[in-house]
Amino acid sequence: MQKLQGIPVSPGVAIGEALVLDAEGFRIPERFVSRDAVAAELVRLERAVQAAAEELARHRDTITRELGPKYGAIFAAHLELLQDVQLREEIEHLIRQEHYSAEYAVSRAFRRYAQAFQRVTNPYLAERVNDIYDLEKGILRHLLGRRREQLSDLSSPVLVLAHNLTPSETANLDRRFVRGFVTEVGGPGSHTAIVAAALEIPAVVGTGAFLTEVSGGDLVIIDGHNGLVILHPDEQTLARYQHEAEQARSLAVRLQSLRDVPAQTADGVRIELMGNIEFPYEVEHCLERGADGIGLYRTEFLYLGCETEPDEQAHFQAYAQVVRAMGDRPVVIRTLDLGADKVPCIQRTEEERNPFLGLRSIRLALRNIPMFRTQLRAILRASALGNVRVMFPLIATLLELRQAKMILADVMEDLAEHGIPFNRDIPVGMMVEVPSAVMLIERFVEEVDFLSIGTNDLIQYTLAVDRTNKDMVGLYNPTDPAVLRLIVMTIEAAKRKGVPVNLCGQMSSSPIYTMLLLGLGLRQLSVAPSAIPEIKQVCRSVRIPQCEAVAQRALSMDNARDIRSYLKEELRKYVPELAD
Amino acid sequence: MQEQGNQQLRVSRQVRIRNPEGMHLRAVNLVIQLARRFQSSITVSNHNLRADAKTTPMQLLALGAQPGDELSIEAIGPDALKAVEAIVRLIENRFEELPPEG
């Protein structure tokens with residue numbers, strides 16, 4: 001048994017067969033052959049190695065001719081590696097003695113060499129592990145040939161383990177069969193995290209290198225609550241997780257019954273409980289759980305993974321689908337919130353040293369006004385179809401907010417001139433996620449119709465900690481007293497001015513914080529669709545004065561860890577079934 | 001270190017990796033090409049790992065020889081001394097290029 005610690009990005013427990021993806025998306029199943037088939041497997045191996053060698057020789061000759069012998073030498077070296085006598089003996093041994101299929105034996109033998117590189121610290125030399133993977137792929141391509149298993153062609157449930165998943169890979173996955181994700185790299189904002197959360201399956205990212213330890217078909221447990229990945233679990237561990245998964249299923253069934261009751265506290269205070277979504281199909285997840293609206297509709301998916309900028313119609317269709325499905329319930333559409341490095345259709349002038357402090361989000365929009373206008377036109381057109389609100393992310397200064405509003409007003413004039421219907425009184429709000437905005441929140445509330453606190457970035461910018469940095473997860477705390485203070489300042493300013501305030505960061509999706517947030521005065525929460533029933537359950541189990549007492553106590557404490565364990569205790573007191 | 005007389009010499013020598021990339025892919029290839037010019041059997045060891053210098057490039061690469069590592073080159077055979085000297089020189093010259101043949 002082997003345990004890996006990563007960053008939990010989508011909750012739940014998944015137990016199942018591993019599907020190990022390398023850069024080319026190969027899937028190597030653990031496969032054994034019968035004794036009679038051993039000779040045939042050895043022939044297949046011989047042919048595949050021959051074919052791979054011929055391919056390398058061709059590459060060597062072409063490259064030598066075109067770029068010179070220095071470059072050709074790499075392929076010559078690969079060719080040598082491929083003919084390693086001992087390697088070949090090992091592969092053949094695995095086929096003869098263990099009755100492995102040729103592809104599984106190749107994969108196994110190469111993984112062993114790749115593992116040898118893990119102790120190499122010299123970065124250049126450590127990179128050579130990729131040469132080994134290349135060679136492996138060269139042979140596997142010929143072995144698998146047409147039998148190569150496609151990701152889009154799964155037939156049984158799997159847990160996907162990969163170094164990283166690209167948007168196109170995740171797009172090609174057959175959703176019906178993927179039960180969980182693990183990636184070696186990435187953080188909470190990674191594409192894998194977003195997709196896993198949207199699919200509502202457990203996911204752990206940033207585990208560090210481990211793919212060499214695992215083969216396709218191995219039994220794996222993903223613990224999406226604690227960010228654990230367990231390879232080859234022992235019986236006791238397996239039994240414990242099976243029990244946990246079973247309990248989660250029965251809890252989900254019980255929570256399902258909450259769908260048609262309002263999120264209302266035991267003393268009758270109505271809480272507006274909304275869903276955060278990324279993809280239009282998630283609106284269904286919200287509706288089936290009785291969401292009061294969409295509190296955060298992220299629009300980044302429109303820009304990711306496509307080479308050209310999405311046109312107005314692409315925006316409009318995505319928005320219209322959600323707005324129509326929600327009827328008269330509010331849909332808050334947030335404008336583009338990406339870094340310049342993530343938007344393929346933007347020409348970049350230079351690499352940024354600190355992308356999180358650089359050209360991203362509203363700053364990027366304000367520098368690419370035609371692109372921004374396209375999105376705003378689509379949002380405004382969608383506003384004619386239902387209860388649409390528009391929200392600007394990462395506002396750090398009043399001038400940014402004013403400039404964004406000016407562009408919005410300008411687009412409105414344009415639409416009006418062309419007689420295109422839209423809601424002229426569309427509520428305009430901003431994300432509160434930069435400490436500077438909180439410092440000036442008294443001014444900001446004068447100029448917006450609503451606020452939404454984005455805790456993910458607010459924590460990151462307040463504590464100067466990169467939440468995607470695996471070594472810094474200990475510092476990244478929603479319960480840090482400084483963060484709580486900023487939330488309080490925002491809520492109080494909003495209350496004085498009578499501006500509605502929502503909280504839509506990941507903090508809102510965890511039942512641990514619900515009593516605290518209600519006690520601080522929030523009456524709107526926007527959460528991951530999967531969290532709606534749990535959060536509703538907490539709301540219905542508590543009274544506002546209890547929450548206020550919890551908040552007072554939490555605010556009097558001086559460190560994140562104490563506050564968190566105190567909140568956990570209180571949750572256990574009032575809603576014990578959600579406390580663990 | 002030399003043992004025995006004419007025919008079966010056993011020679012071994014330590015050499016430190018000096019080039020910043022360590023014993024990389026092309027370097028492995030050069031070691032192999034050079035080793036094959038000799039009749040003696042030749043091995044390269046790093047820490048507790050050992051690889052045949054003529055037939056197992058993968059093992060050579062997997063020695064993970066980084067700058068600062070001290071490798072042990074050992075040869076057994078009639079031209080063991082020449083073989084070890086040639087390979088030590090290749091490593092000391094930072095795997096720049098093979099010496100002319102002969």
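**Salt bridges along and between helices**

Reader: How many residues apart are A:Arg249 and A:Glu246 in helix α9 of chain A?
Author: Both sit in α9 (residues 235–256), about one helical turn from each other; helices are DSSP runs of H or I, at least four residues, numbered from the N terminus. The model is predicted, with pLDDT of at least 70 needed for local features and 80 or more for side-chain atom pairs, while totals for chains, interfaces and linings use all residues. Residues count from 1 along each chain as written, chains are lettered from A and ligands numbered from 1 in written order, and side-chain values use heavy atoms, without hydrogens and water. The separation of A:Arg249 and A:Glu246 is three residues.

Reader: Which residue forms a salt bridge with A:Arg373?
Author: The N to O distance is 2.5 Å. The pair links distant parts of the chain, 37 residues apart, from helix α13 (residues 369–383) to helix α14 (residues 398–417) of chain A. A:Arg373 is partly exposed at 22%; its partner in α14 is A:Asp410.

Reader: Which residues are linked with A:Arg373 and A:Asp410 in a network of salt bridges?
Author: The whole structure has 31 salt bridges over all chains. In this network, A:Arg373 and A:Asp410 are joined by A:Glu312, A:Arg377, A:Arg381 and A:Asp414.

Note on methods
Salt bridge = Lys/Arg side-chain N within 4 Å of Asp/Glu carboxyl O. Helix = DSSP H or I, 4+ residues; strand = E, 2+ residues; numbered from the N terminus. Buried < 20%, exposed > 50% of the residue type's maximum accessible area, 1.4 Å probe, protein only.
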